[in-house]
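Dear colleague,

I am handing over the structure below, and my notes on it follow directly after.

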Amino acid sequence: LGAVREGDRFSGPLTGGEIRLPYPSVGATENLLMAALGASGTTRIHNAAREPEIVCLCDFLRTGGAHITGGGTETVCIRGGLPGRGDLAPIPDRMEAATFACALASAGGEITLEGADHTHLTALLEALKRSGCVIETEEKRITLSARDLWSPGTVVTGLRKALCRAGDYDGSLSRISHRCPGPVSCGHDPGERGDDPPGNSV
């Protein structure tokens, strides 16, 4: 974008351009997206992160007048121009919902997660179902009950189909491993480029 580094600061006018991320980092995508709004011209971020948080940020900035397309896809296009005041309710915290869901699976019993968006937890909920959890979903509610569990095997994650990375949920899934008779592991879809690092057994 043309920034000049001076010590620990960057200065100079920014100019839109083509940026390809070697890894679809959420933080890198968010920071580049907002920097591009202060640049002249158009910026395209390729291999951008596609998590729900990116979609929410783009939606919020658009409410203030920002010109952004492609949020939630691998290419985000931003036309320079600082937005005005925006207003948007934040999305539910999917990591918090995942933590509660796996804690319930680990302890047993039943829980209702009010306000949780099941579309942000696709791979995790599929794994919990394979482990023996009974799950009911509504628009903003997830109800889980857990009795006897068995290993779900490998949880395949991917940005395009599951909206999560292996690293997002392997910590939460580790909480159910002591109740499962076999290993639990997370791994990415090999058909996706540059998404997740190799899977981890928990």
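Axes are lines fitted to C-alpha atoms, for helices over the stretch in contact, and angles run from 0 to 180 degrees between N-to-C directions. Helices (H or I, at least four residues) and strands (E, at least two) are DSSP runs, numbered from the N terminus. This is a predicted model, in which local features need pLDDT of at least 70 and side-chain atom pairs count only at pLDDT 80 or more, while totals for chains, interfaces and linings use all residues. Residues are numbered from 1 along each chain as its sequence is written, and side-chain values use heavy atoms, with hydrogens and water left out.

Where the two meet (contact means heavy atoms within 4.5 Å), α1 contributes Val26, Thr29, Glu30, Leu33, Met34 and Leu37, and α2 contributes Glu53, Ile54, Leu57, Cys58 and Leu61.

Turning to the strands, β7, β9 and β8 form, in that order, an open sheet with antiparallel pairing (two strands pair if DSSP finds at least two bridges between them). Its edge strands, β7 (109–114) and β8 (134–138), each pair on one side only, and the twist averages 10 degrees from one strand to the next. Helix α3 (residues 94–107) packs on the sheet, touching β7 and β9, and its direction makes about 170 degrees with that of β7.
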